[in-house]
Amino acid sequence: MAGGPPEAQDHPPENGFTPLERPAPRLLPHIDGCVLPSLGGFGRHQKHLVVLTWIPALFIGFSQFSDHFLLAQPTSTCLQPRGGNASNWTAVPPPPASASGAPARQFKGNDSAEEPPCSCKEWKLELQTGLRQNVVTKWNLVCDSAWKVHIAKFSLLVGSIFGYLVMGVMADWFGRHPVLILSVLFMLVFGLTVAFSVNVTMFSTLRFFEGFCLAGLALSLYVLRIELCLPAWRFSMTMVASFLKVGGQLLMPGVAALCHHWPNRDDWQVLQIVIISPFVLMLPYVWIFPESLRWLLATQHYKRSKEMMLRIARKNRVDMSTEPSGLLTELEQELHKKPQRSCIVRMMSTRNLWKNIVVLCVNSLTGYGIHHCFARSMMDPEAQPTALCHADYYTMAGIAVATCLALCPAVGLMGRRGGLLTFMIITALASLLQLGLLNLIGKYSLRHDTVLRDTLNRKFSVAFSIIGMFSSHAVSTLSIFFCAEITPTVIRGGGLGLVLASAGFGMLTAPIMELHNQKGYFLHHVIFACCTLLCIICLLLLPEPRGQPLPESLADGETFTRQTLLHPGEQHLLLAKCDKDYSRVHDTPLHLTATGGATVAAATALAAVPASYALATGGEVIGNRAIANGV
């Protein structure tokens, strides 16, 4: 009976191994590739939420630049000297404010012995920023009390630094939504209380907590905006928020001018209330703004994730019942798992991720630190304080607008890493040329025409300062966005908080230099110029995140590394082919001589083994032949 071909199951598997079925790939970890496209992509729901993250950016711009008005230095005139006859003194308009922030003063008297400039009993203080009174004029923070103004400036920046660090960790542990709501509530409490400060100590203390809450608000909105977008939309949506923040900077002088018409003389209190009150509009975010779906999936909050996915699909008009990818089926199988939270400390256990974040921290610190150096070089020491204040403020705002406009096409053409590297090179060139070229112009040319030399130096200094401020602002903005893209979702808040805190340290150098009367300013600029050269080298080690999905876990962030210059399979081209045989090079006397006595001994010992084996084998062969001959 002729049988057909045998069945496959009748034969045992080859080599005794049963082939294993390859498990189906998981869909939930691939949020940008599977989850969000299944829910409608960057649909109607996501766009509405992104718009809600844009609105507070304008209010954040108000608060971050309020120091330019609340703590502005006034023009001051001494009306009555201390311990002298007022009739012997004539009050004259003072020269420009000194670099330390305390206005310099001139006095004319009939006596030959003139008192020190700060020996004044009664001052006449006048503001040129649109307000009739601010913190400096209310409590006479001039002369010997001028250092309190710098402490007040410190308080907001130091509070922001601590806020970025603490709120970033809390955003990773408890979620983005709780941090956002807590920051809004306490921002209203501390911000409104600042307006009712009774002394400068209370003002500085409350400003610290205001900066703390402002940092938590800005960080949580930044992370939520990034995590709502697909790769093609991330940068453009972030730049819109940057434009609105700069818009708040441009509108602040107008808001201050409107507060000037308030009947009460304490119009600085009105200004503080006006810039804090709009945050009341964010109170409904408790109900209308959800938690980040990306964070819920990355931390295995699958029950909450299921509810949110159904809600997003309903608002985007996507029918999940006919969804073919099996996303909900896989989610149902994972509901039994417990949530797993992470902290930024776990970054230290990685090999590549912590290096990338440290490089971006140094870039952010250098960008904001050297930005102050360029801003200080751009100031005209012979200008009056009023013109100096308004010109510098609007110049910095205009440079920020130009930076945002230039970043969009630059990043689109060169990518994140290429754009960041280009702007860092421009910053380094502007800094080095300003430090070296201007000295060469004054030393080797135009030595006899001092007026022309000083005019040329001044024009070159202003030109390099504007270029440096433009490029350094771009470096700082792009470093923060770069970090948000390469940091995994489970620690994105903490990683972004580190980079933003580094930016705060860079901004902190400005009031520190003013407190020390700009002593060591040149060395300060030289140090940051050297840092730009170091950053250029380190930037080559960063990956390119353009068009890539956001990493979700630490493993994803660890595999997110720099692309090699050669494509896979081309490494063999680096090795030249050769027809010569070098297999017996180790047997040459030259090799034995070069390797030393230890290698000779080892080679001798190894050679003894085959020799003895050959001797034994040869004896056995001879004996066999003798037996055969005898037979």
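Author: A helix here is a DSSP run of at least four residues, and helices are numbered from the N terminus. The model above is predicted, and in it helix H2 (44–64), helix H7 (200–228), helix H11 (293–298) and helix H12 (302–315) each supply at least two residues of the lining of the largest cavity.

Reader: What makes a residue part of the lining of a cavity?

Author: A lining residue has an atom within 4 Å of a point of the cavity. For the largest cavity, with a volume of about 140 Å³, there are 15 such residues, and Leu-228, Glu-291, Ser-292, Leu-293 and Ile-312 lie nearest its centre. By class, this lining has nine nonpolar, three polar and three charged residues.

Reader: Why is the contact between Arg-176 and Glu-227 called a salt bridge?

Author: The rule asks for a side-chain nitrogen of Lys or Arg within 4 Å of a carboxyl oxygen of Asp or Glu, and the closest N and O atoms of Arg-176 and Glu-227 are 2.6 Å apart, so the pair meets the rule. Arg-176 lies in helix H6 (residues 176–194) and Glu-227 in helix H7, which means that the pair ties together parts that are 51 residues apart in sequence.

Reader: What makes Arg-492 a partner of Glu-227 as well?

Author: The side chains of Arg-492 and Glu-227 also meet in a salt bridge, at 2.9 Å from N to O, and as 4 Å is the limit, this pair passes too. Because Arg-492 lies in helix H17 (residues 492–515) and Glu-227 in helix H7, the parts tied together are 265 residues apart in sequence. Salt bridges that share partners join Asp-172, Arg-176, Glu-227 and Arg-492 into one network.

Reader: How many salt bridges does the rule give?

Author: The count comes to twelve, including the one in which the side chains of Asp-32 and Arg-294 meet at 2.8 Å, N to O.

Notes. Residues numbered from 1 in each chain as written. Predicted model: local features only at pLDDT ≥ 70, side-chain atom pairs only at ≥ 80, totals over all residues. Heavy atoms only, no water. 1 Å grid on protein atoms, 1.4 Å probe; cavity = no way out; pocket = protein on both sides within 12 Å on 5 of 7 lines; lining within 4 Å. Points joined across faces, edges and corners; volume = space filled by probe spheres on them. Nonpolar A, V, L, I, M, F, W, Y, C, P; charged D, E, K, R; others polar.
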